Amino acid sequence: MEITEKVAYLKGLAEGMELDTDKKIGKLLAAIIDTLDDIALELEDIKDEQTELADGLDAVSDDLEDVENVVFDEWDEDDDEDDDYYYDDLDEDEECYATTCPTCEETIYFDESVLEDGEVICPNCGERLEFDLEGLDEDEDGEDGE
């Protein structure tokens, strides 16, 4: 039985007992029952608001999960272990290169192995960037020959 139902039952009992609200005890009991009714209605409103907030929080949580999946590229624990292994193997003396993606204009950092591959995929927008290293070899040979 809900609190509002219990208060309604008390009201019915008071009416059935034909409380004389002109006397002090009758006034007191009527005031107590009215106060209980107000409290019960207020609690019911709070429960409704709490349910609404919980539903909203669930929706926000679902949206946040979608954003996390996009931002973190749906990584799982196995991916994290692979990444740790990859970063541990990097040589600290190895040079780091950077370029700007023409599509999203974000800076992309990569090492020499990616440069040797001749292409890199932008992690921000997925654009495939290609590098032409043939002109660089000639420039280096020309500088050494002088």
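Does Lys 47 count as buried, partly exposed or exposed? In this model, which is predicted, Lys 47 has a relative accessibility of 46% and therefore counts as partly exposed, given that the partly exposed class lies between the buried class, under 20%, and the exposed class, over 50%.

The side chain of Lys 47 meets that of Glu 2 in a salt bridge, with a distance of 3.9 Å from N to O. Because Lys 47 belongs to helix α2 (residues 24-71) while Glu 2 sits in the segment before α1 (3-16), this pair ties together parts that are 45 residues apart in sequence. Glu 2, with a relative accessible area of 47%, is partly exposed.

## A link between two helices

Another salt bridge is formed by Lys 11 and Asp 37, whose closest N and O atoms are 3.1 Å apart. Here too the pair links distant parts of the chain, since Lys 11 is in helix α1 and Asp 37 is in helix α2, 26 residues apart.

## A network of charged side chains

Side chains of opposite charge can pair when their charged atoms come close. In this model the count of salt bridges comes to 4, and one of them is formed by Glu 130 with Arg 128, where the closest N and O atoms are 3.2 Å apart. Both residues also belong to a network of salt bridges, in which Glu 119, Arg 128 and Glu 130 are linked.

## The hairpin

Turning from side-chain pairs to strands, we find strand β1 (residues 96-100) joined to strand β2 (residues 107-111) by 5 bridges, and the two strands run antiparallel. Within this arrangement, Thr 100 stands opposite Thr 107 in β2.

What lies between the two strands? β1 and β2 form a hairpin with 6 residues between them, and in the turn Glu 105 has a positive phi of about 60°.

How values were computed
Residues are numbered from 1 along each chain as its sequence is written. This is a predicted model: local features need pLDDT of at least 70, side-chain atom pairs count only at pLDDT 80 or more; totals for chains, interfaces and linings use all residues. Side-chain values use heavy atoms; hydrogens and water are left out. Helices (H or I, at least four residues) and strands (E, at least two) are DSSP runs, numbered from the N terminus. Buried means under 20% relative accessible area, exposed over 50%, partly exposed in between (1.4 Å probe, protein chains only). Two strands pair if DSSP finds at least two bridges between them.
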